[in-house]
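Hi,

Here is the structure I promised to pass on. Have a look at it first, then read my notes below.

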Amino acid sequence: MVIRVPERLSGQKYADLPAAARELADEYGLRVVVDGPPNALPPELLATEREIVVAVEPMSKELMESVPEFKDLIDFLKSHNLDEPVWKVLGGSPIHYKKLNALVVNMLSLRNTATDEIVNQVKDHLQSVLLKAFTKTVLSSSANTKHIINIFREKQTTKIPKAELETMGFPLDYPNNVLREVFVAKEDLYIVPSSPAVSLIISETVQNGAGVRELRDKLFKPA
């Protein structure tokens with residue numbers, strides 16, 4: 001039995017899963033597979049002593065570029081020096097590349113569509129991803145998370161040991177769309193930005209919509 005869990009609804013602390021999963025497993029003898037993002041899953045679901053947690057990490061750039069579905073998109077991005085900025089914003093998330101792919105391939109299929117227009121559409125798309133990361137994620141985060149963001153900026157880093165933050169009096173609050181936990185070298189637990197776009201918003205100290213626009217322009221400046 002596979003239960004797919006989307007993001008939490010607005011105002012909902014966690015998805016309502018532990019009781020349902022336990023009922024299906026204990027009463028009906030089913031093996032329950034819960035597919036969902038960490039910030040939507042209640043900690044009780046991951047503390048049964050019977051669970052097996054499989055973390056699906058982002059794809060590497062090389063693997064993303066090898067996906068047949070994205071060939072036309074990747075070819076276009078590389079031919080116009082857009083592949084690196086796109087990677088910096090979207091990272092290894094196939095769903096984000098799929099959305100951009102639909103936009104670009106659709107425009108490429110239209111006759112008389114100027115190349116410059118498609119390039120601008122790509123830039124505008126990345127700006128919208130960054131703006132959402134700022135307004136819907138970073139800006140709307142808790143006071144505690146904002147304190148942690150400031151620590152990231154002061155240290156000019158993209159990862160901080162979880163134990164260090166807790167010692168400083170800033171344990172990560174959950175659910176959290178801005179930051180997440182990752183094991184580094186399968187040993188140390190670190191807190192990192194939840195996505196490449198959020199990481200850019202934090203590291204570039206973006207404070208408003210104008211800052212998002214400046215970041216977009218900076219990404220596309222010739223090296």
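The cut-offs here are under 20% relative accessible area for buried, over 50% for exposed, and partly exposed in between, with a 1.4 Å probe and protein chains only.

Before you go further, two notes on how to read everything. This is a predicted model, so local features need pLDDT of at least 70 and side-chain atom pairs count only at pLDDT 80 or more, while totals for chains, interfaces and linings use all residues. Residues are numbered from 1 along each chain as its sequence is written, and side-chain values use heavy atoms, with hydrogens and water left out.

The overall picture

The protein has 10 helices and 5 strands. Both are DSSP runs numbered from the N terminus: helices are H or I with at least four residues, strands are E with at least two. Of its 223 residues, 35% count as buried. The accessible surface comes to about 13,900 Å², and 53% of that belongs to carbon and sulfur atoms; these areas come from the Shrake-Rupley method with a 1.4 Å probe, and for residues only the protein chains shown count as cover. Now take the contacts between residues at least 6 apart in sequence: 63% of them join residues at least 24 apart. Contact means heavy atoms within 4.5 Å.

Two helix pairs

Two packed helices are described by the angle between their axes and the distance between the axes. The axes are lines fitted to C-alpha atoms, for helices over the stretch in contact, and the angles run from 0 to 180 degrees between N-to-C directions.

Begin with helix α4 (residues 83-90) and helix α5 (residues 94-109), whose axes come within 10 Å and cross at roughly 135°. That makes α4 oblique to α5. For the wording, angles under 35 degrees are roughly parallel, over 145 roughly antiparallel, 65 to 115 roughly perpendicular, and the rest oblique. Which residues of α4 and α5 meet? From α4 they are V86, W87 and L90, and from α5 they are H96, Y97 and L100. These contact residues divide into 5 nonpolar, 1 polar and no charged. Ala, Val, Leu, Ile, Met, Phe, Trp, Tyr, Cys and Pro count as nonpolar, Asp, Glu, Lys and Arg as charged, and the others, Gly among them, as polar.

Now look at helix α6 (residues 115-138) and helix α9 (residues 196-203), which pack at an angle of about 75° with their axes 9 Å apart. They are therefore roughly perpendicular to each other. On the α6 side the contact has V129, L130, A133, F134, T137 and V138, which meet A197, V198, L200 and I201 in α9. By class, this contact has 9 nonpolar residues, 1 polar and no charged.

More on α9

How many of the residues of α9 are buried? The count is 6 of its 8, so α9 is mostly covered. The buried ones are A197, V198, S199, L200, I201 and I202. They pack against α4, α6, α7 (143-155), β4 (179-184), β5 (188-193) and α10 (209-219).

Most residues other than glycine have a negative phi, and most peptide bonds are trans. N81 has a positive phi of about 55° although it is not a glycine, and its place is in the loop between α3 (71-79) and α4. T205, also not a glycine, has a positive phi of about 50°. You'll find T205 in the loop between α9 and α10, partly exposed with a relative accessible area of 38%. Finally, a cis peptide bond joins Y174 and P175, with omega about -5°. P175 sits in the loop between α8 (162-167) and β4.

L103 is in helix α5 and is partly exposed, at 25% relative accessible area. Leaving aside its neighbours within four places in sequence, L103 is in contact with Q121 and H125. M59 is in the loop between β2 (33-35) and α2 (61-65).

Cheers
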